[in-house]
Amino acid sequence: MLKSSWLAIAAFALSAYSALAAGELHIYNWGEYTNSKLIEKFEKAYNVKITLDFYDSNETMMSKVRAGGSAFDIVVPSDYAVAIMIDTGMLEKTEPASMANFKNMDPAIVDIYFDKGRHYSVPWQLGLTSFVVDTAVYKGDINSYSILFDPPAELKGRINMLDDMTAIMHAAERYLGFPRCTSDKMQLKAVNELLNKAKPSWRTFSYDSLQLLAAKDVDAAMIWNGAAFRARAQRNSLVFAYPKEGIEGFMDNVVVLKGAANLQNAKLFQNFIMDPENAALISDFAKYNNGIVGSEKYLSQDFSDAPEIKRPEGATPEYVAPCSSEVVTMYNKIWTNLRK
């Protein structure tokens, strides 16, 4: 059968199902990441009651799913976590490429390393992991990881680091000019020394950078670019950094857990968020790009032109595949020592 005919039949089947959809859907997502308008629209359109629960890291989510008994249908893992969940058999193969709205996905993110051809996942939001600095406090160049690892006097003791082992390890590797997920023992020793030397200059380890910045508890913080957009709305002297050593990209994705009780509603939700107008609702709330072509016409120019969203030329995000188990073991030793 021709691929176009097969896609048309699949789209018709999904459309026919959507007319009959009813029941429940249980979603486990990052906190402060889900637009209630999107949820209400889906519930009204398909007579499906959505229950939302929240987590603060991929590791928290995967640990809870592995433990079983969670009753979740959908989770929203980042790129590397999708790869882990596919490899360990945690996900349903929902074949988003056969869905009616798949045509709206940005072609650049279809053959992505963690799910080539998109057999399991659809994008929720795409972003960057970097840091912001209050330029009323520090007026020098901020576009280097030296701000975090060898901070100027004005920022010492006023920095929040994400409580995220992988993000911090990768940032340190970039600063030192090492490859991501290095297994070189001398390089890892240098990373360990760098982190422990910098630690006295850090005030906190927390995922709540937005709240800490808003309360002026810190003047610099590791943060995701969408959260940085929102932070600047509350504290307009904050500037998002594009470190010269490189910047980490992340892509959070909607996937369906193996054995999901509400499998068809979960597939329907995957298709739903690939509609440009619905994808725009996601971005409008948390202020990240969404990977769906055509959604931009439903978003304000202030969002599209924001310095946290519109990258400068040459600031290409790096999506990092999961490190080997050997490297993760060494990372864990460094992290445990750092967090004593």
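Reader: Which residues does Ile86 touch, not counting those up to four places away in sequence?

Author: Ile86 touches Leu91, Phe114, Asp115 and Tyr120, where contact means heavy atoms within 4.5 Å. The model is predicted, local features need pLDDT of at least 70, side-chain atom pairs count only at pLDDT 80 or more, and totals for chains, interfaces and linings use all residues. Residues are numbered from 1 along each chain as its sequence is written, and side-chain values use heavy atoms, with hydrogens and water left out.

Reader: Where is Ile86 found?

Author: Ile86 is in helix H4; helices (H or I, at least four residues) and strands (E, at least two) are DSSP runs numbered from the N terminus.

Reader: Why is Pro96 called buried?

Author: Its relative accessible area is 0%. Buried means under 20%, exposed over 50%, and partly exposed in between (1.4 Å probe, protein chains only), so Pro96 counts as buried. Pro96 sits in the loop between helix H4 (79-87) and strand E4 (122-134). Leaving aside neighbours within four places, its contacts include Phe102, Arg118, Tyr120 and Met274.

Reader: What makes Cys181 and Lys287 buried?

Author: Cys181 has 17% relative accessibility, and therefore counts as buried. Lys287 is buried too, with a relative accessible area of 17%. Cys181 lies in the loop between H6 and H7 and has a positive phi of about 65 degrees, although it is not a glycine. Lys287 lies in the loop between H11 and helix H12 (301-304); its phi is positive, about 70 degrees, and it is not a glycine either.

Reader: How do you know that the buried residues of H7 are on the same side?

Author: The buried residues of H7 are Leu188, Val191, Leu194, Leu195 and Ala198. They cover an arc of only 120 degrees around the axis, which puts them on the same side of H7; the arc is that of the directions from the helix axis to the C-beta atoms. On the other side, Lys185, Met186 and Lys197 are exposed. The cover over the buried residues of H7 includes helix H5 (146-149), helix H6 (165-176), strand E6 (202-205) and helix H13 (325-338).

Reader: What caps the N-terminal end of H7?

Author: Asp184 does, with a side-chain oxygen 2.9 Å from the backbone nitrogen of Met186.

Reader: Why are the buried residues of H3 said to line one face?

Author: In helix H3 (residues 58-67), Asn58, Met61, Met62 and Val65 are buried. Seen down the axis of H3, they fall within an arc of 95 degrees, so they line one face of the helix. They pack against strand E1 (23-30), strand E2 (48-55), strand E3 (74-75) and H4. Just after H3, Gly68 takes a positive phi of about 80 degrees.

Reader: At what angle do the axes of helices H2 and H11 cross?

Author: The axes of H2 (residues 36-46) and H11 (residues 276-286) cross at roughly 145 degrees and come within 8 Å. Axes are lines fitted to C-alpha atoms, for helices over the stretch in contact, and angles run from 0 to 180 degrees between N-to-C directions. Lys37, Leu38 and Lys41 of H2 meet Glu277, Asn278, Leu281 and Ile282 of H11.

Conventions. Polar contact = N/O pair within 3.5 Å; in protein donor to acceptor, adjacent residues only side chain to side chain.
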